[in-house]
Each structure stands twice: as structure tokens, then as C-alpha cells.
Number of protein chains: 2
Amino acid sequence: MQTKFTDLLGVDAPLVGFNRSPGVVAEVSKAGGLGVLAATAYTPEELDAQLTWIEEQIGDRPYGVDLLVPEKVATGDPGDLVASLRAQIPAEHLEFVDKLLAKYDIPISADSADGHDEIMANFGSAGVPKLLDVAFSHRISLVANALGRPPANLVDRAKKAGVVVASLVGKPEHARRQLEAGVDLLIAQGTEAGGHTGTIATTVLTPEIVDIAGDKPVLAAGGIASGRQMAAALALGAAGVWCGSVWLSSNEDITPPAVKEKFLAASSSDTLRSPTRTGKPARQLRSAWHDEWESPGSPRPLPMPLQPMLVNSAWDRIDRAAAEGHEGAKKLESFFIGQVVGGFRQLRPAGDIAREIIDDCARRLTELAALL
Amino acid sequence: MQTKFTDLLGVDAPLVGFNRSPGVVAEVSKAGGLGVLAATAYTPEELDAQLTWIEEQIGDRPYGVDLLVPEKVATGDPGDLVASLRAQIPAEHLEFVDKLLAKYDIPISADSADGHDEIMANFGSAGVPKLLDVAFSHRISLVANALGRPPANLVDRAKKAGVVVASLVGKPEHARRQLEAGVDLLIAQGTEAGGHTGTIATTVLTPEIVDIAGDKPVLAAGGIASGRQMAAALALGAAGVWCGSVWLSSNEDITPPAVKEKFLAASSSDTLRSPTRTGKPARQLRSAWHDEWESPGSPRPLPMPLQPMLVNSAWDRIDRAAAEGHEGAKKLESFFIGQVVGGFRQLRPAGDIAREIIDDCARRLTELAALL
């Protein structure tokens, strides 16, 4: 398959595999698509090791990284920043989360909060530039940003290095702002996608963004986990697809087994957009966690980044307990996932998933021409 | 284009045009698709006249009707039924609607409530069978039902008359029940559709329903108003498309001009699923009406059919005042519409819209094959 995206990135098939596991990234690139590593949650040292490992696996095939790059970086001491943010979390919210965990009898684990605070501090100040330095010290072909417009210095740096800058958008207004900022590639993410997402469905959003993008290629994201769905995205005018959720049904993905089990049992009706994990609406598997936040008398979720600071160590405790088979934790257990979760039947090798999507898409395009 | 749907209905193109205006229905059938009249809000006499008119326009081309056919019909006196239902509307709700209309200074109009009660009585008891008698006295090719499973006597009657029975579904479970009831054609309606709709997007729902339907054809609905979107639906495995919202941008559609003006100005983010008109979640244009129902202290919407009995005459008053340019009414004004409203640019002849969708779809299928 040849599209504006395959021309721009030099890949065989217009399929991006977005995942936080280096194993998935490598397998998608090896299958002829473009693996993109979700890099935000890693330290610079971890990221460096993972990109080195990916490059060893894929030879000279291209790959990319995805970061949350704020347009403006906070200055000052990271510790002060975290302390100042922590002080903004109301007592009512802390008490609600404590009671929620107690109600489900979730065991206490001692060592989670500090790590999260470090990530939060990175997020707010010096961390992202360090991650970008690591990424640009490797032979990446694409850097994607899911957090508003990329800062001008990122765009400049990428252009000098011959790296494609991509941005996720959920509305036409977003696309216009991204193009003004100089991005090379837009990802139109429909409401059915996992993670942070808007309200406009892929069928409607994709052609809107394609019409705004002009000569720049657009990938469709949200609702794409099969060759039929990839063919549909191309029909809508996309130059390819950005798949995230489908890799959570792969063996290589590092999501905890207790979560993956729930995914395999879920239907396409079992997700919701909820701000209760990150402070912004993000699609995830519905669980007892969401029932508790929606019950009468519950506090309203806080904005980003206060809500993750409030709940991240609770989620560590839930994940750990669920991994040990704790019944209460299994009820609460959840993770970010799109509506395609309803199609998960078994865990499979990521490379098999990628090849099947690409091959089925090609077959579907041939079948479609035969309708005429 | 040839699909299982065109074979079943004997039409040139796998495009259904669903609308309450006979003019739209006739134009879609004349363009080679299948016009389907939304018949529920008409009296038997009105329906008879409209179907006669449609047949005069379209020669021997096929067309269909859409009704809300309850699986079980209430017995007893229609007047008693309406009185019993009216008594279930809480005073708090009546007062809320009165205050809402007063806040926006909406003039009182005297003659609306009775007509609505008659429709409600029809809906609950003898009206639908009378409408079905009228429909079957004409040479309809399809009868669609958007209200749960069709009753067995409707399926039997349709089979004897050689009429295709179609049902709208928003979840895989719905599709299984409809197939058990003997429907010939399923319409997978994604969350982006206008009117009553579920939460699953067209990209995800369509292939799920196609896989359940086996040999039976499936139409995709929701998010389809262009040739690109029609091609995407075919890529997802649909045998055609069921378009509703797009006709509200046609000259022939009878939606009040004040509503159509708001549609032309709307973006794809300006709709919401709300139960405040019918008692069930239905996608419609967001307006001050919804802000009022969502404001603190507002009552929860009532279930169907109490909510429409509560608000229908309020909507008559709003529509009449908005038609006369009343500022408050224009703020409240709204109607059922899908996310494709963001693409409305001007009012056009329905036949032009239909032909453009079909022609652009055919071109898109050819372009897609060239990607290989």
C-alpha cells in the first residue's frame, strides 16, 4: 500500500502501532508498519535503554516516540512544584479515595507515591526536555505529541534532524492550531479511541481533519483494530491508521494480566470516557472504580495534574492487589482502552496482529473495487 | 454498485434515505437509492395520502416506511391510557418546564396539547396497527422498526407480502434478538447518529453486527453523509448505508427554517445525547434547552413516554416562536441531528445530495483500489 504517510515515513504499510512496550514497537516496525513508543512514563535512562533495544531488533526500519510535551515548561525546583500542587488537593478528595480503597479492602503498599511524584515533577519541568534529548540522540523518524501544540523549539529541532512531528487532534480547531505550529502529520482521534479523547466519532472527524490538512497526511485513530476498519479509515481519506488499543491484546504488551483478563471478557459497551484517572476525559474500561466516583455524594474529579496525583498511588495498590488475585481489587481494576476491546478474543503476538490488519486491509480494498 | 442490499431491494445503489418528508423519500428513490418515510407522527389518512403521492413520483422504483411498532400493544381506551400516563407526571416537572418557558419569554399557544395526546394514544394502542394497514395497502418494499423487536404478526404479514423487515440496532445483543424475531435486514446505528442512539461508534459497531448477521445484509447508520463515509461503511462490511441526518440539509425536508439555520451554523461538536425530549438518549443539537436541564436543581428527565408528554407542547411553542424570530425561542430551538451536522454548508435538493453521495462513493472505491 502506498499513501502520503508511507511516502513520508518510508514504511511498507500505513499502520502505526502506538504502545508503551518496546516489544510491541519493534514487532510493528518489523511487520512493515511504524512502531511508536509511548515514552512519557519512563526515566531518561530507561528510555535510552529501550530505544537502543528497539533499534537492535528492527535493523534499519523506522520507528518513533510519543511524548507529552507542554508548550510552556514550568521553571523552578521540581520538589517545590510537586509540594505546591499537592497542597491544592482538597481533604475531601483524599478522604474519598482512602474510603474507596478501604471499602474494597485494598492492601496498603508503601513504595508507590515517591515514584509518581518524580514523574509529575518531570512532567512539569525538566523531565520532558531530558526525554527529548534522549529521543533525538537516537535515530527516530517521528515524534508525536498528544498535549496541545508542540513548542517551537521542538518543531525546529525535529526539522533539522529530519524527524516528522505528529500531533493528535480531536476537533477541527485543534487541527488548525497544530498546522500553524508547523506539525507534519495530524492524527484524527475519534471518540471511540482509548485514553484521552473527545466526543466526535472517527467517521465524522477524519474527513473533517483531512479537508483542513490539505497536502499534509492524516492518520485516523479510534475504532481501528482490523483490516476492515483500516480500509474504512483509508476510505474516509486518511493516509493511514494510528492503532493503540489493539496492542493491549498482544503478548508483548506490559499491561498487567489482571487487566488483560478483564479486556478479554469485555464488550464494546464496557468502556466510558471518564476524568477520574487523569483529570481529563479518557476512555477506559468501566469498573467499580467508576461506579464509586459516580455515586451520590462523591466529589468531582480534580483537573490535571491534581487528579493523577490524587489517584496514582491508589492505582498502584489496586494493580498490585489485583495481580495477586484480590477480589476487591479485581472489581476496581481498569485501564485505558477503546471500544475495540469488544473484539479481543485472545492474546496474540503483536507481529501477527500487525500483519493480519495489513493483509486484511489489502484484501478488503480489492473486494471493495469488485462492488462496482 | 451491487451488494446484498441492492439484490434484496432491487435498487441501483445501496443508499437509504430516511426522512419524514415525502419529497425527500421520492427524490432518494428516484436517484437510485431507497427512500424510507418516517411514518409514526402521521395519522392514517395523512400517511395514505403521502404514500400515494410518493408512488406517483417514483414510478416503479421501490421505497419503504419506518414505524415505531411496539412488540406488545396496550389494550383499553386510548383516552384512559393518556389520562393515566398524564397523572404520572410529577408536579415538579410541570413546574420546571413552565418556568423554563417563562424564563425565555416563550408565548403561549393554545392548540398543541390535544394533537400530541392523540399521537400518544395512537402510539400506545390502536394507532400503529392502523398505520401498518395503510402501509401494507401500498406497494412498499421495506418496513423498518426502530422500537425493539417487531411483533410476530408484523413479520408474518411482511413475509406474505414480500416486504423486507428491517430493524435498527445499537448493540450486538440487540442484533441477536432481532434475528431471532425474523428480521431480514439489520441497521447498525453508531453513537454519532442523530435521534435515539447508543454509545458504540459506527467503526466498531458495524463489523460486530456484520459478523452476527451472517448471510443477512447490514446497513451502517451514523456518521454517513458523503461518498467517503459511504465507502467507509462498505469497507467495514456493511451492504449499504442508512442516512438520516444529511437530508435535514435538503430543501425538501420539512424541518422548520429556524432549526435548519442553526444546523447550518453548527459544528460536529455541537450535538449531545440527551433524554430530555423523548425520555431515552437521543442525539440532537445542543441548545439553551439542554443547559437548563443540566443546571443544578433541575429534575431528572422522565422515562418514555412521560417525557415527551411533558415537553411536546413546550416544543410546539418554542418552534412557533422561533419561526417568528423570537430571540428566546431561537436560543432554545433544537432538533434531532447527528454529528455530520458539522458538514452542512447550504440547503440543496435532496436528489443532488443522493446522487453526489453515490457518485463520490463509487469514485472513492476506485481510488482505494489504486492504493495497492
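In the predicted model, helix α14 of chain B comprises 18 residues, numbered 306–323. From its first C-alpha to its last, α14(B) reaches 26 Å, close to the 26 Å expected at 1.5 Å a residue. Gly325(B), which follows α14(B), has a positive phi, near 85°.

Strand β2 of chain B (residues 34–38) is likewise covered. Five of its five residues are buried, so β2(B) is largely enclosed by the rest of the structure. In a regular strand, side chains alternate between the two faces of the sheet. In β2(B), Leu34(B), Val36(B) and Ala38(B) point one way, whereas Gly35(B) and Leu37(B) point the other way, and all are buried. Strand β1 of chain B (residues 15–19) pairs with β2(B) in the parallel sense through four bridges.

In chain A, eight strands close into a barrel with parallel pairing, in the order β1-β2-β3-β4-β5-β6-β8-β9. From one strand to the next, the twist averages 25°. Strands of a sheet pair through backbone hydrogen bonds, either parallel or antiparallel. One pairing in chain A is that of β5 (residues 164–169) with β6 (residues 185–189), which run parallel and are joined by four bridges. Here the bridge partner of Val169(A) is Ala188(A), in β6(A). Helix α2 of chain A (residues 22–30) lies across β1 (15–19), β2 (34–38) and β3 (63–67) of that chain, and runs at about 165° to β2(A).

The largest nonpolar core contains 55 residues. The members that touch the most others are Leu15(A), Trp247(A), Leu15(B), Trp247(B) and Leu368(B). At least two residues of this core are supplied by each of α2, α11 (227–235), β9 (240–243) and α16 (350–369) of chain A, and by each of α2 (22–30), α11 (227–235), β9 (240–243) and α16 (350–369) of chain B. For Trp247(B), leaving aside neighbours within four places in sequence, the contacts include Leu15(B), Val16(B), Gly17(B), Phe18(B) and Asn19(B). Trp247(B) is also in contact with Val24(B), Val28(B) and Asp253(B), as well as with Ala350(B), Ile353(B) and Ala354(B).

Note on methods:
Residues numbered from 1 in each chain as written. Chains lettered and ligands numbered in written order. Predicted model: local features only at pLDDT ≥ 70, side-chain atom pairs only at ≥ 80, totals over all residues. Heavy atoms only, no water. Pairing = 2+ DSSP bridges. Axes fitted to C-alpha atoms, helices over the stretch in contact; angles between N-to-C directions. Contact = heavy atoms within 4.5 Å. Core = buried A, V, L, I, M, F, W, Y, C linked by side-chain atoms within 4.5 Å. Buried < 20%, exposed > 50% of the residue type's maximum accessible area, 1.4 Å probe, protein only. Expected span 1.5 Å × (residues − 1).
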